[in-house]
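Please look at the sequence and the model before reading the notes.

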Amino acid sequence: MAKKPASQMDVIVSLCKRRGFVFQASEVYGGVGNTYDYGPLGVELLRRVKDAWWNRVVVERSDVVGLDSAIIQHPKVWETSGHVGGFSDPMVDCKLCKGRFRADKLEDARCPEKPSKRPGECAGELTEAREFNLMFKTTLGPVEESGSVAYLRPETAQGIFLNFKNVLESARQKPPFGIAQIGKSFRNEITPGNFVFRTREFEQAEMEFFVPPGEDQQWFEYWREARYRWYVDLGIDESKLRIRDHEASELAHYAKATSDIEYEYPFGWGELEGIANRADFDLTRHSEASGTDLLYFDPQTKERYTPFVIEPAGGINRMALTFLIDAYEEEQLEKDTRVVLHFHPEIAPITVGVFPLVKKDGMPEKAKEIEAELRRARLATFYDEKGAIGRRYRRQDEVGTPYCITVDGDTLSEDVVTVRHRDSMEQEKVPVADLREYLEEASRRWVRPAPKG
Ligand code: GAP
């Protein structure tokens, strides 16, 4: 029987496991549904995505500062924000197999018993839809009673609103200015899936940009463009990227307008990041409910007002998955096919592979010396002396390492190494003394290669 070709997602999932990007969580106990651990390369990829986001949104600007707020906040926060009453998805049960599905996403769901059918299309009848709240509940302290109920945050944004005044006063900012935060969020999703695209525990990168009312539309457009540009600058294929404005009926309860940056995944177009105009909804609600005034007083105009908020909100895990999928290529060469991840050098988990050509004549020692020097310069390296040099290059191509350095006879006699470029596979001789500068310059000049097909 002919083997069924693996789907593009299966190929990515298998590469992630084989090369140590992502593992099934609690695997030795049979795994826990749709929950994942990040291995040595995965954790480096996440770190680089977070750094690239933080550098663009915070470090490169004078009008955005950072925050790290608690995951567990006062339970009233989530009543005021509307999450206790309204953060839910419509859910239906199958009376036959007891499977639970999102009523508004039945076209994407499969019957667990008969995967060729959708829920309701098999013998099972579906219940009426009812609202299911997505927040995880827990209890505070050593008692389990209703008074001690607390929630794991479903978004990082609320911690930012609660600290608006603290930051305003301590960081000497004034609107327009932003507060950024990266951290874990939790949602008890009815149907998690598509690998790490939708999980119950994930990391968010959010920024709340506080602006004078009346300037909100211009800043909404500014951040929509700036966030789209970040993905393109990091090499994402623009033909798979689009901005989609929400219809009025789709808008969240807090939003005046929202645009999603969407990517064309192997399973279809999906939201990568949302940019919302939250107007003055959150600060007004928290001011009213807490009794603490969260207004801004402008000392120049002597005006007091509640700032409007523009919010770019993305998921770090979803970004990392998108970079992985987008970078993946099975490139047809003259004699064979090579698997390569064309990561932008800024997000590649390993920057340089360092190889001695052979395991003798002092080459391993010299290669280790060069590797140690590069590590001291904070470049992520990987030393490999096993197997034919061509195979070592291919192993690094598969995890997206942009450069490999080979130490050979010329290194010992003339202090020059061979630098091999991942995308073009071209090789160049470079003096050891110039190596760091050479690699930094190559990374600065990197452009995404056209697919070879
Ligand atoms: N504060 C606004 C907010 O949280 P959202 O559209 O619900 O907006 C923002 O979430 C981003 O967080 C999404 O665009 C997505 O990248 C990520 N995200 C949301 N739910 C997720 C989940 N269950 N798993 C992984 N990422 C998720």
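This is a predicted model: local features need pLDDT of at least 70, side-chain atom pairs count only at pLDDT 80 or more; totals for chains, interfaces and linings use all residues.

Residues are numbered from 1 along each chain as its sequence is written, and side-chain values use heavy atoms, with hydrogens and water left out.

**The open sheet**

- Helices (H or I, at least four residues) and strands (E, at least two) are DSSP runs, numbered from the N terminus.
- An open sheet is formed by seven strands in the order β3-β9-β10-β16-β13-β12-β11, with mixed pairing; two strands pair if DSSP finds at least two bridges between them.
- At the edges are β3 (64–66) and β11 (241–245), each of which pairs on one side only.
- From one strand to the next, the twist averages 25 degrees.
- Strand β12 (residues 257–265) runs antiparallel to β11 and is joined to it by five bridges; L241 has Y263 in β12 as its bridge partner.

**Helix α2 against the sheet**

- Helix α2 (residues 40–59) lies across β3, β9 (177–186) and β10 (201–211), and runs at about 160 degrees to β9. Such angles run from 0 to 180 degrees between N-to-C directions, and the axes are lines fitted to C-alpha atoms, for helices over the stretch in contact.
- The buried residues of α2 include L41, L45, R48, V49, A52 and W53. Buried means under 20% relative accessible area, exposed over 50%, and partly exposed in between (1.4 Å probe, protein chains only).
- These buried residues pack against β2 (36–38), β3, β9, β10, α7 (216–233) and α9 (316–327).
- An α-helix has 3.6 residues a turn, so residues three or four places apart point the same way.

**Nonpolar cores**

- A nonpolar core is a set of buried Ala, Val, Leu, Ile, Met, Phe, Trp, Tyr and Cys residues joined through side-chain atoms within 4.5 Å.
- The largest nonpolar core has 58 residues, of which F21, M319, F323 and F343 touch the most other members.
- Apart from neighbours within four places in sequence, F323 is in contact (heavy atoms within 4.5 Å) with V49, W230, Y231, L234, I236, F343 and I347.
- A second, separate core contains 19 residues, among them V352, V354, M363 and I370.

**Salt bridges**

- The whole structure holds 45 salt bridges, each being a side-chain nitrogen of Lys or Arg within 4 Å of a carboxyl oxygen of Asp or Glu.
- E125 and K95 form one of them (3.3 Å, N to O). E125 is in the loop between β5 (100–102) and β6 (130–133) and K95 in the loop between β4 (88–93) and β5, so the pair ties together parts that are 30 residues apart in sequence.
- E125 is exposed, at 52% relative accessible area, and K95 is partly exposed, at 45%.
- R244 and D260 form another, with their closest N and O atoms 3.9 Å apart. This pair links strand β11, which holds R244, to strand β12, which holds D260, across 16 residues.
- R244 is partly exposed at 25% relative accessibility, whereas D260 is buried at 3%.
- A network of salt bridges links R242, R244, E250, D260 and E262.

**The buried residue E273**

- How exposed or buried is E273? This residue of strand β13 (residues 268–279) is buried, with a relative accessible area of 1%.
- The side chain of E273 makes polar contacts of 2.7 Å with that of R227 and of 2.6 Å with that of Y231.
- A polar contact is a pair of N or O atoms within 3.5 Å; within protein, one must be able to donate a hydrogen and the other to accept it, and residues adjacent in sequence count only if both atoms are side-chain atoms.

- Strand β21 (residues 403–407) pairs with β22 in the antiparallel sense over four bridges, and C404 has R420 as its bridge partner.
- Strand β23 (residues 427–431) is also antiparallel to β22, with five bridges; V419 is partnered by E428.
- The hairpin of β22 and β23 has five residues between the strands, and M425 there takes a positive phi near 65 degrees.
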